[in-house]
Amino acid sequence: MAFLDLNSINTYYGRSHILFDVSLSIEKGEVVSLIGRNGAGKSTTFRSIIGLTPPQTGEVIFKGERISGLRAFRICRKGVGFVPEDRRCFPDLTVRDNLEVAARREKEVDSPWTVDRIYALFPRLQEREKNLGSQLSGGEQQMLTIARTLMTNPEVLLLDEPSEGLAPLIVSLLADMILRIRKEGVTVLLAEQNLHFCAKVSDRAFVIDKGSVKFAGTMKELLANDEIKEKYLAV
Amino acid sequence: MDLSFLTVQVLSALRQAAFLFLISSGLTLIFGVLNILNFAHGALYMLGAYFVYALTLHLTGPAGFLIAILAAPLGVALIATVIETGLLRRIYMQEEIYQLLLTYALVLIIDDLAKIVFGPEFKSIPKPEMLSGSVTLFGGTVPVYTLLVVVLAPAVALLLWYLLYKTKTGKVVRATSSDREMADALGINMSALFTLVFAFGAVLAGLGGALAGPVRTVFPGVGTEVIIESFVVVVIGGLGNLWGALVGSILIGSLETIGIIVFPEFEMALIYLLMVAVLVVRPWGLFGRPLKIKALSEKNLAMEAQEISPVHFTVHPAVRWAPLLLLLLVPLFAGRFYQYLLTQIFVASLMAIAFNLLLGTTGLLSFGQAAFFGVGAYTVGLLLTKAGFGTLPALVLSPVVAAAVAGIIGFFCVRLSGVHFAMLTLAFGQLIFAVVFKWYGFTGGDNGIQGIRVNPIPFGGMGALDLGSTQAMYYFVLVVVGLSVELLRRIRSSPFGATLKAIRENSQRASFLGVNIKLYQWTVFVVAGAFTGLAGGLYALMEKSISPEIIHWSKSAEPVFMTIIGGIYTFAGPAVGAVVYVILNSYLVAWTEKWALVLGLVLLTLVLLLPGGVVGYVNEKARQTLGKLRCIHKWPFSKSATS
């Protein structure tokens, strides 16, 4: 059994059917990419895993335990961290407070994240410690949301389009950070439109389109598969 | 003005501000986190005062008094916890208006329960001797108790600041208030936090009541006066903002004190004027920020899907006209009482359907419709009694004047949305109420206008229509209301109405399509105001006496009730609600003194069990049945609702 398993989940917004029998499986310690265009169902997949938009059928299994059907905060407390695509720092809280409100599961992991460890990974955040979330630049906000989710000490991190809207320089910094996060023992599921970014950080990939999985394989296989790339990724 | 006078007045203003702050800080905290405008906050304040009253009957002396003051807020918190976990929690997924209504139902219930337990009379709470004296400050005599309150409130403000900004729980509370979903995904237990915040807000309300009890009197319903003042405070300060509550309290407290000295006649109107003035300059209050445009949540999407669902049935015209025919025949077999009751229902229906053009169709919750109703009624009343107008010209002018007033008020209100819109309409309504209530020379003040003579309506050369009998009035109102309702129905199903629905569903998208949203909202506000004014005009004709009560905000709550009872997303819903409400109201009043309690319980049950209203429920059932039939018979036009 894999570390995180999605067994043919179907998710709806009201009466609109969004995800059709989506199945994914991720092993411990991997960085896996979920690639697809706008509206392909990447965010909905993440929202289904974290429990914000629970799937109506199918199940999500994390470490051998069914987590679908639990409420979002319970899923978070099981060790699933979610970084939304639109950043969403708490605007009225300082950078430090943004981190502190998220601190949890310190006893469940061997070396829990502390504010100091976070600052070592993201020195920029320390410089802006006393600034409010609303005063940060886009790149800083992205770092803060990732850092904030790390404070929940997740064992798997769901990163939703972290490179979106960031300058190329910041994007390559981000790739480094993802690899360092992985080194810390965190499994990462990365939703992206940017194939090259994924190629830098992940070993395996799923391609999703119109709410169903069209491809599953290694990154190498995907890069070699022109048909899939052309049809679903338009690269 | 000498120093002693100034000292006394400043401290009196500060005391007033202190009470206001205790209540409105809790109100704003609850709004900030739970996103609920808690109408029952005033009732919680009242309970705080009653608990002190009950406790001091047994506990005497300064120590007893102190224990009572401290224990009362905790008792209130306990009740609040029950309310939050037992009732409010069930409807967080519903639209804001249902939460508002649930807390309103609680006001009716708690007020009546207080009447049963403590009696209807005014209670005063004795202060211990230690606190009853007064001291001389700068030559002015100031009660010790006032000093105590004036010192205590800033201490509470400081404590609140510490809790919210320096403790982890406080930070979590602030984080949650800015982004609930994110907080949820970060492992914050929202249910527990909501209960905590609601109970804590109740402690503040209870403390306000406990401290105010000994200087103000306590009676059932005292909370209603307090809650409206607090609404004004938090709206001026900015909903959900603690500093706003503080500054707003000081402003209103001072203004009330100055008002009593300088313009005793219009003290009440003054605070509403200030609110209007602030909102004109800063629509979201002094410290407030515009509410974020809600992303399409799952709930909204679900509603949208329902709205565009192809399983839609139109009522055959014959079915629509049958009730009208039936109503024409009613006087043949029903007595005067029933005719009168039905006439009342017609007027109420018109008001409710016009109101729902705002709420159900456009998504604007107006809490000031009584103002237009009142303007219509007073137009007819004044024109008939003072200007010697004929019945028909006076009635025709009632929607015109109401529309003009709605045009002015609407100009300011449509700049806001959601709860802010509701609050501003409420304030304007109360402003008009305050003016009518006090302007004895023109409106008759609280005496109203009695003995309105309804002259026969000349009918060309063919005699006149005498409205003197109940039956004639019945037919007259039936025809006027029938025509108006048909007109409203056409407006709703016209392209104009479709645009209004688009604005309700997603105003952002509608504006991308080039719709001038504010203009549409203003227009529909004026149209609804006109029909409400006409309903008021009819009311003046049938009742022949009017009083300012019909402008009071509690009258504005009636069309809200009716619409919710009947169903918000249907055209006929509000009329069905009017039938239920008027009948319930008139029988309950006759049957029991506890009618508010029963009404509250009915409303509570409806909000919890039938959030779509009676007509919505019937429609849904019909839809399900029809849907099943279609599945079985594979009707050719059964398209799937999903794409």
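**Close-up 1. B:Arg492 sits in helix H20 of chain B.** The model is predicted. Helix H20 spans residues 470-493. B:Arg492 has 19 other C-beta atoms within 10 Å. A buried residue needs 20 or more, so B:Arg492 counts as partly exposed. Take B:Leu357: 135 residues separate it from B:Arg492 in sequence. In space, their C-alpha atoms are 7.3 Å apart.

**Close-up 2. Helix H21 of chain B has buried residues along one face.** This helix covers residues 495-505. B:Thr499, B:Leu500 and B:Ile503 are buried. Viewed down the axis of H21(B), the buried residues fall within an arc of 105°, so they line one face. An α-helix has 3.6 residues a turn, so residues three or four places apart point the same way. The face turned away from the buried side carries exposed B:Pro495 and B:Ala498. What covers the buried residues? The cover includes three helices of chain B: H15 (336-362), H22 (507-512) and H23 (517-543).

**Close-up 3. Helices H16 and H23 of chain B pack against each other.** Helix H16 runs over residues 369-385. The two axes lie 6 Å apart, at an angle of about 50°. H16(B) and H23(B) are therefore oblique to each other. Their crossing is right-handed. H16(B) brings residues including B:Phe372, B:Phe373 and B:Gly376 to the contact. H23(B) brings, among them, B:Gly533, B:Gly536 and B:Tyr539. Of the contact residues, 10 are nonpolar, 10 are polar and none is charged.

Key:
Residues numbered from 1 in each chain as written. Chains lettered and ligands numbered in written order. Predicted model: local features only at pLDDT ≥ 70, side-chain atom pairs only at ≥ 80, totals over all residues. Buried ≥ 20, exposed ≤ 12 C-beta atoms within 10 Å, placed from the backbone. Helix = DSSP H or I, 4+ residues; strand = E, 2+ residues; numbered from the N terminus. Arc of directions from axis to C-beta. Contact = placed C-beta atoms within 7 Å. Axes fitted to C-alpha atoms, helices over the stretch in contact; angles between N-to-C directions. Parallel < 35°, antiparallel > 145°, perpendicular 65-115°, else oblique. Left-handed = near helix turned anticlockwise from the far one by under 90°. Nonpolar A, V, L, I, M, F, W, Y, C, P; charged D, E, K, R; others polar.
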